[in-house]
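Thank you all for making the time.

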Amino acid sequence: MEAGKSKVRYLEKRQVLILFVLLGLSQAGPESVRYSVAEETEVGSFVANLARDLGLGVEELSSREARVVSDDNEKHLQLDLLTGDLLLNEKVDREELCGFTEPCVLHFQMVLENPLEFFRGELHVKDINDHSPMFLDKEILIKISESTSSGTTFLMESAQDLDVGTNSLQNYTLSPNSHFYIKIRDSGDGKIYPELVLDRALDHEEEPELTLTLIALDGGSPPRTGTTLVLIKVLDINDNAPEFAQRLYEVHVLEDTPAGSWIITISAKDMDSGNYGKISYTFLHASEDIRKTFEINPISGEVHLRSCLDFEVIQFYTINIQATDGGGLSAECSLLVKVVDINDNTPEVTISSFTKTVPENASETLVALFSVRDQDAGDNGRMVCSIQDELPFFLKPTFKNFFTLVSEKALDRETRSEYNITITVTDLGTPRLKTQHNITVTVSDVNDNAPAFSQTTYTLRVRENNSPALHIGSVSATDRDSGANAQVTYSLLPPADPQLPLASLVSINADNGQLFALRSLDYEALQAFEFGVRAADRGSPALSSQARVRVLVLDDNDNAPFVLYPPQNGSAPCTELVPRAAEAGYLVTKVVAVDGDSGQNAWLSYQLLKATEPGLFGVWAHNGEVRTARLLSERDAVKHRLVVLVRDNGEPPRSASVTLHVLLVDGFSQPYLPLPEVAAAEARADPLTVYLVVALASVSSLFLFSVLVFVAVRLCRRSRAASAGRCSAPEGHFPGHLVDVSGTGTLSQSYQYEVCLTGDSGTNEFKFLKPIIPSLPVPDTGRNIGGNENFRNSFGFNIQ
């Protein structure tokens, strides 16, 4: 408690003491003492014996409660009441207290009570060399052309030193080199600046780069130094410095120009090429205000606003701009930016009359009448009125500020049916203000376009046996007009062939052009037909166009094969005779069939479906020829019944079958042995049929006998030795049962038969009957196949 009360009393006394100091400065005595101390002296260091200098006793200091008070109310000093010594209470930093001010003086007073008495004092803080010079840039880059002459000076950034007097920056030196030296330039305000001077010409090929050390020295003892690297790039010959078009640029900028806006483009030219001709732009010796307000593009030289201008604060700016080319040469110019007031009234547009719809065939039609005005004066009140360039309209001034909008030529609705016109009114102020008014003009249609078919000729394909009213296709025509002028109706044109019943074949939907087959079509009766279609609009007058439609009827497999031979007319079946001496591949007969369809539906193939003795006969799948598959033997049955299947290649396939009767004989002199089935059929046949068969057999026998006699007589006339084993081929067709019946019988006209006679007993019996095929591509292996087991496959037979 006692300690707390003592502290309170102490604070109260101190406050009273300060009040006395402030109120009693006028009562201070004339005594004033001056002391000096070096900065950064340790705390508690002795400054002076204040009691002795003031002529006071030590006991008096305590009894009168002596105090030391500084003007800045900081406790830099303290008074030892026991000895009367003035001591440092804290370390003193001259740079912090006084900055660059010299001399640096701390004013203080010693206050005595009972009675109140003041003594003024001054403490001079002496600078010590406690700061080294410092460069703000760690590296200075200088580009110098090799053609730069000796004595050329290059500006460089200076170093900074917080000390003053002799301890401040005093000199610059450069690391030893053979090309440069440092020149000190005094600015007149006590500051020095280094300048790099070229002493000896550079050679890019010898030394493209130089790295030097710039040393800044102060005047302290010992001196302190600061260094920075100077990187010098030696460039190829660059003998032209940039040149500005003018030394002074002047521009007026409105004060409401937004930040980021372009102000002006500063342009300098350099006669050099390549890198020497590339110019970079920078501000030179620019103040902080300029750097905050403007910025320059180092490549293009465009000057932009970084922040807004204020005419009331600054009316103009003078900016120094440096242009430096790639070789390090530079030039300077000045930019004077004058801030002006703004143009704050936009033009006004008033529409007096407006026509929304314009017919497409009308030219120079009045669309709108309007007036413009601007409340500003001078250039800010002068206006320019315009519309888009690509529109077929133009503006025509009338009187004062009135304009008319007129169509320039006849319009085409099909090209463009609507126009969005923007009327732009711009004043001539700086910056220019404008007003835009949009109007929409619609072009009304006129029937000036005929319908156009998508194709000039349409080809439709319909499969036969279609259902009536089948949709077989469509025709399409479009009209570029609109409304009723674009509504298209379709109709059929009269056919060019009056025999074509077009009205019963097809019909057309008048609204959409769909075509329908009115009845079932038959490919075998009508394979294709053609007709015309007309498309007409509903304009006035109506316009029309035509197109051709060709309908192709596609075949359907609706006809089964029909066998022409052997005939299937219900008469007695034909019997084919085959001599037992026939070789393998002997042509027995040929099944002839036709198909009413076309294409692959009419491709026929033949197959031996049933046989009395399988493996004896085979059918050629492509032409229906029935041949022996092997040599005949005595053990083979005399009578054979073959069932041949004829099938087309349609989907699904259709087929027909025919039954053949084959009789094996030893020779053609052997009497004809009718099959039991044949005998029964003859017995059931009517008498007329029997007579016809008998007559045909008689005539055939007589003809055969005549041929044999003719052949025998001719052979007898020849040499008997030569004729013993030779054969003769009779001309014409072989008579009898094997006669060719005009293409519908057993054999076609392209077959002949070689008849070989025996040379022994004179019985005139056939030794064998062998076909000669001069016109069909029968393989040669057919004659010499003998007993070859693969004979069937080589001929493509179908063997049951």
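This is a predicted model: local features need pLDDT of at least 70, side-chain atom pairs count only at pLDDT 80 or more; totals for chains, interfaces and linings use all residues.

**A walk through the chain**

The disulfide joins cysteine 98 to cysteine 104, with the two sulfur atoms 1.9 Å apart. For those new to the term, a disulfide is a covalent bond between the sulfur atoms of two cysteines. The link of cysteine 98 and cysteine 104 is right-handed, with 65° about the S-S bond. Are these cysteines buried or exposed, taking cysteine 98 to begin with? Cysteine 98 counts as buried because its relative accessibility is 18%, under the 20% that sets the limit for that word. Cysteine 104 is buried as well, at 1% relative accessibility. Two further cysteines deserve a mention here, since cysteine 333 counts as buried at 2% relative accessibility, and cysteine 385 counts as buried at 18%.

Stepping back to the whole chain, there are 10 helices and 52 strands, and of the 800 residues 40% are buried. If we take the contacts between residues at least 6 apart in sequence, 67% of them join residues that are at least 24 apart.

Now to the strands, and I will go along the sequence. Strand E11, residues 180-186, is joined to E12 by 7 bridges, and the two run antiparallel. As a reminder, strands of a sheet pair through backbone hydrogen bonds, either parallel or antiparallel. Within this pair, isoleucine 184 has proline 194 in E12 as its bridge partner. The hairpin of E11 and E12 has 5 residues between the strands, and in that hairpin glycine 188 takes a positive phi near 95°.

Glutamate 206 is exposed, because its relative accessible area is 60%, and the word applies over 50%. Glutamate 206 and valine 234 are 28 residues apart in sequence, while their C-alpha atoms are 9.8 Å apart in space.

Next, the interior. In soluble globular proteins, nonpolar side chains tend to be buried together. Here the largest nonpolar core has 27 residues, and those with the most contacts inside it are Phe244, Ile266, Phe294, Ile319, Ile321 and Leu335. Several strands give two or more residues to this core, among them E16 (248-254), E20 (294-296) and E22 (316-325), but the largest share, 5 residues, comes from E23. To take one of those residues, and leaving aside its neighbours within four places in sequence, isoleucine 321 is in contact with residues including Phe244, Ile266, Tyr281, Cys333 and Leu335.

Further along, 4 strands form an open sheet in the order E24-E26-E29-E28, with antiparallel pairing. Which strands stand at the edges of this sheet? They are strand E24 (348-354) and strand E28 (393-397), and each has a single partner strand, so one side of each is left without a neighbour in the sheet. From one strand to the next, the twist averages 25°. E24 pairs with strand E26, residues 366-373, over 6 bridges in the antiparallel sense, and serine 353 stands opposite leucine 369 in E26.

Between strand E31 (434-444) and strand E32 (452-453) there is a loop that holds asparagine 447. Although it lies in a loop, asparagine 447 is buried, with a relative accessible area of 14%. Its side chain makes a polar contact of 3.5 Å with the side chain of aspartate 537, and a polar atom of that asparagine 447 side chain lies 2.8 Å from the backbone oxygen of proline 541. Beyond its neighbours within four places in sequence, asparagine 447 is in contact with residues that include Asp481, Asn485, Gly539 and Leu543.

I will finish with an open sheet of 3 strands, in the order E34-E38-E37, again with antiparallel pairing. Strand E34 (470-474) and strand E37 (506-508) stand at its edges with a single partner strand each, so one side of each has no neighbour in the sheet. Neighbouring strands of this sheet are turned by 30° against each other on average, direction ignored. E34 is joined to strand E38, residues 514-517, by 4 bridges, and leucine 470 stands opposite alanine 517 in E38.

Note on methods
Residues are numbered from 1 along each chain as its sequence is written. Side-chain values use heavy atoms; hydrogens and water are left out. Buried means under 20% relative accessible area, exposed over 50%, partly exposed in between (1.4 Å probe, protein chains only). A polar contact is a pair of N or O atoms within 3.5 Å; within protein, one must be able to donate a hydrogen and the other to accept it, and residues adjacent in sequence count only if both atoms are side-chain atoms. Contact means heavy atoms within 4.5 Å. Two strands pair if DSSP finds at least two bridges between them. Axes are lines fitted to C-alpha atoms, for helices over the stretch in contact, and angles run from 0 to 180 degrees between N-to-C directions. A disulfide is a pair of cysteine sulfur atoms within 2.5 Å. A nonpolar core is a set of buried Ala, Val, Leu, Ile, Met, Phe, Trp, Tyr and Cys residues joined through side-chain atoms within 4.5 Å.
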